[in-house]
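Please consult the sequence and the structure shown below while reading.

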Amino acid sequence: MKSYKFKTATEMTALCDDAGIDLAELMIRREMELFGNTKTMIMEKMAGQWAVMRRAAGQAVTQPVTSMGGLIGGEAKRLAERLKNGMSIMPSVQGWASAYAMSVMEVNAGMGLIVAAPTAGSAGVIPGAFAALQEEKGYDDACMTQGLFVAAAIGLLIMSRATVAGAEGGCQAEIGTASAMASAGLVYLAGGDVRASCAAASAALANLLGLVCDPVGGLVELPCQRRNAVGAANAICTAESALAGIAEIVPLDEMIDVLYDVGKNIPESLRETAQGGMAIAPSAARRCRGCGTNG
């Protein structure tokens, strides 16, 4: 019986080639092999994840959510209003991707329902980018669900061989991974193959390499919210470059190793401890007085 398990992007690509299937189908067959679930069950579960993502992406652009720490709330709506009024200087897809990503982070910080993909601190990136593209291109929810399987494949590779924890690898491990996942999924939705998805993911990681994790007050609010917006915009940019056939010098497997190596070299004060970076800026400390670890 053929196995659909893989540990590297190289193995993943070879399995797609050998079986004559795309990356979404490979992930579905892998789930069937590992857990014995039917394809219908797997698809329905992922569709449920997309429904939660889409709802969180749209929630705070119309109804602001004040965070538990009081550091964010209303930012997604402000950005959305500029987009609606034609005032934004950003292209439409990137602008809405940013607004939707920020919305998810408001929902998260307000103790609402989100999908941690791959973490709660980076939960806005994939739904932000995906929701914006869905609206722009008119893809149905079934198509978006397929795209999530491709995103999951990239997350699987990084979790297996590196880390997605800010406490271990800095924000590059969270936002960087989420952006790589989103970028690969966007490529798939736009008709790109597994190699293009891998190239997009590698580029997304490269662009955010070295990003530190310095949560103000020790809370997943600032600078997390706008970094999710950046991660979503980065996913769109890198997906477009891959679809244009712009080659990556460093293949995805090597870039994942680079991500892990850089993460290990980021000082502990800049790995989710709130002991460095923006977290210790005087203005930030004053703003979050009475909240989080700096209270």
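Arg30 is buried, its relative accessible area being 14%. The model described here is predicted. Arg30 takes part in a salt bridge with Glu31, and the structure holds 8 salt bridges. The points below take up several of these pairs and then turn to helix 4.

**The pair Arg30 and Glu31**

- Between Glu31 and Arg30, the closest N and O atoms are 3.2 Å apart.
- Glu31 is partly exposed, with a relative accessible area of 23%, whereas Arg30 is buried.

**Salt bridges between distant parts of the chain**

- Arg54 and Glu135 meet through their side chains in a salt bridge, with an N to O distance of 2.5 Å.
- This pair links distant parts of the chain, since Arg54 lies in helix 3 and Glu135 in helix 6 (residues 125-137), 81 residues apart.
- Arg54 is partly exposed, at a relative accessible area of 22%, and Glu135 also counts as partly exposed, at 43% relative accessibility.
- A salt bridge joins Arg161 to Asp253, and the closest N and O atoms of this pair are 3.1 Å apart.
- Arg161 belongs to helix 7 (residues 141-161) and Asp253 to helix 12 (residues 252-265); the two residues are 92 residues apart, and the pair links distant parts of the chain.
- Within this pair, Asp253 is buried, with a relative accessible area of 13%, whereas Arg161 counts as partly exposed at 23% relative accessibility.

- Helix 4 spans residues 75-84, and its buried residues are Glu75, Ala76, Leu79, Ala80 and Leu83.
- The exposed residues Arg78 and Lys84 are carried on the face of helix 4 that is turned away from its buried side.
- The elements covering the buried residues of helix 4 include helix 3 (39-62), helix 5 (92-109) and helix 11 (224-243).
- Helix 3, which is among the elements covering helix 4, is also the helix that holds Arg54.
- After helix 4 comes Gly86, which has a positive phi, near 70°.

Note on methods: Residues numbered from 1 in each chain as written. Predicted model: local features only at pLDDT ≥ 70, side-chain atom pairs only at ≥ 80, totals over all residues. Heavy atoms only, no water. Buried < 20%, exposed > 50% of the residue type's maximum accessible area, 1.4 Å probe, protein only. Helix = DSSP H or I, 4+ residues; strand = E, 2+ residues; numbered from the N terminus. Contact = heavy atoms within 4.5 Å. Salt bridge = Lys/Arg side-chain N within 4 Å of Asp/Glu carboxyl O.
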